[in-house]
Amino acid sequence: MEHPPIRFLMTAVVQEQDVDMATRALSILNVPVFHLASTGGFLGRRNATLLVGLPEGLEEQALNALQKSCRQ
């Protein structure tokens, strides 16, 4: 599957249990996501850093997808 040209790189830190839902929500938008395992500073909880390649015009949609698929 070919992706449109990437114009922006968004970094999102999400809880580890939200990684699958977040990457699925972003894949619906047809944007590439790279997952890096990491550990959070607060209480040492495991989290994930997602690097999201965004084409022009999808910034708001990607942010909404992450907000809906991740716990606050």
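Asp18 counts as buried, with a relative accessibility of 3% (buried denotes under 20% relative accessible area, exposed over 50%, and partly exposed the range in between, with a 1.4 Å probe and protein chains only). The model is predicted, so that local features require pLDDT of at least 70 and side-chain atom pairs count only at pLDDT 80 or more, whereas totals for chains, interfaces and linings use all residues. Residues are numbered from 1 along each chain as its sequence is written, and side-chain values use heavy atoms, with hydrogens and water left out.

The side chain of Asp18 forms a salt bridge with that of Arg71, at an N to O distance of 2.3 Å (a salt bridge being a side-chain nitrogen of Lys or Arg within 4 Å of a carboxyl oxygen of Asp or Glu). Asp18 is located in the loop between strand E1 (8-15) and helix H1 (19-28), and Arg71 in the segment after helix H2 (59-69), so the pair ties together parts 53 residues apart in sequence. Helices (H or I, at least four residues) and strands (E, at least two) are DSSP runs numbered from the N terminus. One salt bridge is found in a search of the whole structure.

Within H1, the residues Val19, Ala22, Ala25 and Leu26 are buried. Viewed down the axis of H1, its buried residues fall within an arc of 135°, so they line one face of the helix; the arc is that of the directions from the helix axis to the C-beta atoms. The elements covering these buried residues include E1, strand E2 (33-39), strand E3 (46-54) and H2.

Asn30 lies in the loop between H1 and E2. Although not a glycine, Asn30 has a positive phi of about 65°. Asn30 is partly exposed, with a relative accessible area of 24%.

Key. Contact means heavy atoms within 4.5 Å.
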